[in-house]
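Please keep the sequence and the three-dimensional view at hand while reading.

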Number of protein chains: 2
Amino acid sequence: MRYPNGKQYQKKETKKRKTSSDISLSAANRGMDLENDINESNEYYSEHDIALITKRPTPINIVKVDYSKGAKIVDAYFEKQSTTDYNGVYKGKYLDFEAKNTKNKTSFPLANITSHQIIHLKRVNQHGGIAFFIIAFESLNEVYLLDSSFVIHFYEKEKRKSIPYDVFKKEGILIKQGYHPRLHYIDAVEEKYFK
Amino acid sequence: MRYPNGKQYQKKETKKRKTSSDISLSAANRGMDLENDINESNEYYSEHDIALITKRPTPINIVKVDYSKGAKIVDAYFEKQSTTDYNGVYKGKYLDFEAKNTKNKTSFPLANITSHQIIHLKRVNQHGGIAFFIIAFESLNEVYLLDSSFVIHFYEKEKRKSIPYDVFKKEGILIKQGYHPRLHYIDAVEEKYFK
């Protein structure tokens, strides 16, 4: 994914230190731009008092800590997120979502969604929260908000390995892209859940 | 803090691996029981479809990863949480809170609360979320829910280094302790914010 002006994403100069989430993403070598775009959008939304959404740090399984060197972690591994990457508050309501991207043009593969995440999102719905996915079709330069119900449906009922692109066209909300915020996804939330 | 029956807290046998949050707590050597009690209460609330509250993993500043060994983290440090430890959803509303304990009997010291956390909680309030603290007075075996407004007030206006115990007695909600859940803190949330 690129900016509408065709420029590649550039890291903010103020961001000097890598966090666990940065590293895990670069390790996996996918979703980098989408994650960064959402993080930047969240900063914008927070600074402009529009919404407060935070990324959950990637959980890390720590094997060994060297306390002689001020609690230096010397042996640890990345763990899979058992919930979702993002949650927060908008107009008093609880939001919870997972962000994924694909190079596919005709469908979104469900291989990277875990059963734990599906259980988590069902629970969010059960408690009256708003649960959705942000899916980027990289090759099409399109990003959609899709309510979790569709993902749950395809995951559980259809036994399919992917959600067809047409479902996004018909049932999703196309997220407007811009400069600040990069992804106007709260506009999509407003359209889908508050109108 | 102990169970009402006087027994010490015992770790669940199923929990075999340490997570980053476990380690950071044992490193700091404080808040161990309170954090575990809240985590267990959250499990109870989730399994019984009462509320969905999750702990944010402790952020870790990763210095070096050895990719020759399957992304083994070989140099990393714990970072301070810039938001709060817990957030989630109850009856559709967004909840956000920090849990702390003290051995003091007459006041709760604010030394461990960061300005980032205060800013975060003010934003939660601004967006219509519910923001509070769970404070355990260990020596008294009392745990209180205190609305964030009081903590923000003492932090910003009073320039005090602590909140007197009397404020908790007068303005807080005493959290009932039990076996399952260990801390009936959602009852306190219900009483404070939903009645």
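In this predicted model, strand 3 of chain A pairs with strand 3 (residues 72-78) of chain B, in the antiparallel sense and over four bridges. One residue of this pairing can be named on each side: A:I73 has B:A76 as its bridge partner in strand 3 of chain B.

**The interface between the chains**

On the side of chain A, 49 residues are in contact with 49 residues of chain B. The size of an interface is often given as the accessible area lost when the parts come together. For chain A and chain B the buried area is about 3,900 Å², and carbon and sulfur atoms give 58% of that area.

Which kinds of polar interaction does the rule find across the interface of chain A and chain B? It finds zero salt bridges there, but 13 residue pairs in polar contact, counting pairs in which both residues are at pLDDT 80 or more. Several elements of chain A each supply at least two residues of the side that touches chain B, including helix 1 (20-28), helix 2 (32-47), strand 5 (93-102) and helix 3 (115-126). Strand 3 of chain A provides the largest share of that side, with seven residues. By residue class, the side of chain A that touches chain B divides into 21 nonpolar, 16 polar and 12 charged residues.

**An enclosed strand in chain B**

Strand 4 (residues 86-90) of chain B is largely enclosed by the rest of the structure, because five of its five residues are buried. In a regular strand the side chains alternate between the two faces of the sheet. In strand 4 of chain B both faces are covered: B:Y86, B:G88 and B:Y90 are buried on one side, and B:N87 and B:V89 are buried on the other.

Strand 4 of chain B also has pairing partners. Strand 1 (residues 52-55) of chain B pairs with strand 4 of chain B in the antiparallel sense over four bridges, and here B:K55 has B:Y86 as its bridge partner. Strand 5 (residues 93-102) of chain B runs antiparallel to strand 4 of chain B and is joined to it by five bridges. In that pairing, B:Y90 stands opposite B:K93. Strand 4 and strand 5 of chain B form a hairpin with two residues between the strands, and in this hairpin B:K91 takes a positive phi near 50 degrees.

**Backbone features in the loops**

Most residues other than glycine have a negative phi, and most peptide bonds are trans.

| Site | Backbone value |
|---|---|
| A:A71 | positive phi of about 55 degrees |
| A:N141 | positive phi of about 55 degrees |
| A:H180 to A:P181 | cis, omega near -5 degrees |
| B:H180 to B:P181 | cis, omega near -5 degrees |

A:A71 lies in the loop between strand 2 and strand 3 of chain A. Is A:A71 buried or exposed? With a relative accessible area of 16%, A:A71 is buried, because the cut-off for that term is under 20%. A:N141 is placed in the loop between strand 7 (130-137) and strand 8 (142-147) of chain A, and it counts as partly exposed at 35% relative accessibility. Although A:N141 and A:K105 are 36 residues apart along the chain, their C-alpha atoms are separated by 9.9 Å.

A:P181 is found in the loop between strand 10 (173-174) and helix 6 (185-193) of chain A, and B:P181 is in the loop between strand 10 (173-174) and helix 6 (185-193) of chain B.

**A buried threonine in chain A**

A:T84 lies in the loop between strand 3 and strand 4 of chain A. A:T84 is buried, with a relative accessible area of 0%. Which side chains does A:T84 join by polar contacts? One polar contact of 2.8 Å links the side chains of A:T84 and A:R56, and another, of 2.4 Å, links the side chains of A:T84 and A:D96. Leaving aside neighbours within four places in sequence, the residues in contact with A:T84 also include A:F97, A:E98, A:Q117, A:H120 and A:L121.

Conventions: Residues numbered from 1 in each chain as written. Chains lettered and ligands numbered in written order. Predicted model: local features only at pLDDT ≥ 70, side-chain atom pairs only at ≥ 80, totals over all residues. Heavy atoms only, no water. Contact = heavy atoms within 4.5 Å. Buried area = accessible area lost by both parts, 1.4 Å probe. Salt bridge = Lys/Arg side-chain N within 4 Å of Asp/Glu carboxyl O. Polar contact = N/O pair within 3.5 Å; in protein donor to acceptor, adjacent residues only side chain to side chain. Nonpolar A, V, L, I, M, F, W, Y, C, P; charged D, E, K, R; others polar. Pairing = 2+ DSSP bridges. Buried < 20%, exposed > 50% of the residue type's maximum accessible area, 1.4 Å probe, protein only.
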